Amino acid sequence: MERTERKSDEEKIRDFQRKIYLKAKQEKGFRFYILYDKIRSRRFLAEAYKRVKANKGAAGVDGVTFEEIEEYGIKSYLREIQEELEEKSYKPQAVKRVYIPKANGKERPLGIPTIKDRIVQMSCKLVIEPIFEADFEDSSYGFRPKRSASGAIGAIKKGMQKGKTEVLDADLSGYFDTIPHDKLMITVAQRISDKNVLHLIKMWLKAPVKDERDGGSAKKNKVGTPQGGVISPLLANIYLHLLDRLVNNPSSIFQRNGIEIVRYADDFVLMGRQITKASIDKMQSVLTRMELTLNAEKTKIVDAREDGFGFLGFTIRYDRDLYGRNRKYLNIVPSQKSSKKIRDKIREWLSENGHASPSKVVAGLNRIIRGWMNYFQIKGVSYPKKAFRDLRYYLREKLNRYYSRKSQRRSKLRRQGAFEVLVKQYGLIDPSKC
C-alpha cells in the first residue's frame, strides 16, 4: 500500500477555509456557531505567528519583540496564549498610538497592538475571513485576498469605457476612528453566533489606546477600530459592505440609474452617466444611519472628461488626442503627489547613505523604484511612460549631484555619468526602459 502523505498545517487551514467559505456561499443566512476552538488551536496560532512575523512591525505597549519571543521559545509562548484562550482569561493590552507623516504635512494615527494581541487577531482573521469573503461584493478591492488596487483601477477604466464618466469622488472623515462599535457588532453577528468569538472582537474594539503625546496614559476606546490592527481592515470591510450591498442591489436607485461603486477600504467612487441628486441623498441617508460622515471639502462630483480625479495614487483623466484630432483618450497615470513621494524617498535614502558603495546605492534605489513602478504599471490599464521618463530624469540629475560631492576617486562616476554607469555596470533600474 502506498503511504498517504500527511498534509501540512497550512494545507489543513486552507482546507478549513475553503470548506467554511463554500458553506457561507451556499447558505447566505447561516450563522456560524463553533469557531472559537479553531482560533485557540495550536495549528491556527502557529500559522498566525508566522504571518504576523512576516508583516514585521514594532513592539506594542509591553515592549516585547519577535527576538525576545524566539529567545524565550515560540512553542512555549504560543502554548501560554493557547492556555489563556482555553481558560477564557485572555485580555488584550492597550493599543500603542503612533503617528505617520503624510505628504500634505499632516499625520495619520496608527494603532499598534502588542505582538501577542496581533497573533490572536490573526488567528481569528484566518478563521472568520472566509465567511465574510463569501458575502463581499466584487466592487470591493481593499485588504482582501487576491485583490488589489490594480483591480480597482481596472474596474474604473471599464466603467469609463462604458460611458460612466460622471464620478462622485467620495472621502469619509476618519472612517477607521468613527465606526460605531454597537452597529459593527450587529453586522458581525449576522454571520457569527459563537459568543466567544464575538467577545474577542468586542474586547479588541474596546481596548484602551495609549498615546505618548497625552502623557502615556491609556484612554478608553468608545468608537472606531485602530488603523494598524490585524483585524481592523476586515472589520472595516464588514461594516462598509452595507454600502456596497445597497448600491449593488438590483432594485436600488443606483442600479436604476446605472451607477456603479468601486471601493478600496474607505476610499470609494460612484460612477455613472449621471450622478443624480436623489442617488447622493440616498447615499447620505445610509451613511448617516451608519454614523459615518462624508468630508464635504474632499467629496465632489467630477466630469472625468473635463477635469479628471484622483484615486489610490493615480490620476484618471481624459487627454487631448496626441495627433491633434478633436478627440480625447483615457489616461491613467501616477498622480503628481505620488511622483513627488518617490522623489522624496530617493532623496532621503541618498542623504542617509552618503558613504555607500555603488552596489549598495543601486540595491537601495532599486528597492524603492521597483515597488513604485510595479504599483503603477498595470498592463492594459495604466499609462505611466511619461512618469517613468520623468523619474529617470530626476534619478540622473540627483545621482550626478550625489557623486559630485564625493571624493576624487568616487567623483569619477560623476565625470563618466553616474546614472549611466550605475545602470550598465551595477544594474540600476532605468525607469524609461520598462
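Glu68 is partly exposed, at a relative accessible area of 42%; partly exposed lies between buried, under 20% relative accessible area, and exposed, over 50% (1.4 Å probe, protein chains only). The model is predicted: local features need pLDDT of at least 70, side-chain atom pairs count only at pLDDT 80 or more, and totals for chains, interfaces and linings use all residues. Residues are numbered from 1 along each chain as its sequence is written, and side-chain values use heavy atoms, with hydrogens and water left out.

**Overall build**

- The protein chain holds 18 helices and eleven strands. Helices (H or I, at least four residues) and strands (E, at least two) are DSSP runs, numbered from the N terminus.
- The C-alpha trace spans about 70 × 65 × 60 Å along its principal axes.
- Of the 434 residues in the protein chain, 49% are buried.

**Negative patch**

- Glu68 sits in helix α4 (residues 66–72).
- Asp62, Glu67, Glu68 and Glu71 form a negative surface patch.
- Patch residues have over 30% relative accessible area and no salt bridge; like charges are joined within 9 Å, and nonpolar side chains (Val, Leu, Ile, Met, Phe, Trp, Tyr) within 5 Å.
- Asp and Glu count as negative, Lys and Arg as positive; His and the chain ends are not counted.
- Each charge is placed at NZ of Lys, CZ of Arg, CG of Asp or CD of Glu.
- Accessible areas come from the Shrake-Rupley method with a 1.4 Å probe; for residues, only the protein chains shown count as cover.

**Strand β7 and its partners**

- Strand β7 (residues 267–272) is largely enclosed by the rest of the structure, because five of its six residues are buried.
- Strand β3 (residues 166–171) runs antiparallel to β7, joined by six bridges. Two strands pair if DSSP finds at least two bridges between them.
- Ala170 has Phe268 as its bridge partner in β7.
- Strand β6 (residues 260–264) also pairs with β7, antiparallel, over five bridges.
- A hairpin is formed by β6 and β7, with two residues between them. Ala265 in the turn has a positive phi of about 55°.

**Open sheet**

- Four strands form an open sheet in the order β2-β1-β4-β5, with mixed pairing.
- Its edge strands are β2 (107–112) and β5 (218–219), each pairing on one side only.
- Strand β4 (residues 209–211) is antiparallel to β5, with two bridges. Val209 has Lys219 as its bridge partner in β5.

**Salt bridges**

- The count is 32 salt bridges. The rule asks for a side-chain nitrogen of Lys or Arg within 4 Å of a carboxyl oxygen of Asp or Glu.
- Asp135 and Lys28 form one, with the closest N and O atoms 3.9 Å apart. This pair links distant parts of the chain, 107 residues apart: Asp135 is in the loop between α6 (115–133) and α7 (149–161), Lys28 in the loop between α1 (9–26) and α2 (36–39).
- Asp135 counts as buried, at 18% relative accessibility.
- Asp344 bridges to Arg347, the closest N and O atoms being 2.9 Å apart. Both lie in helix α14 (residues 336–352), three residues apart, about one turn of the helix.
- Asp344 is buried at 17% relative accessible area, whereas Arg347 is partly exposed at 36%.
- Glu397 forms a salt bridge with Arg396, the closest N and O atoms being 3.7 Å apart. Glu397 is partly exposed at 26%, and Arg396 is partly exposed at 31%.
- A network of salt bridges links Glu10, Arg14, Glu47, Lys50 and Arg51.
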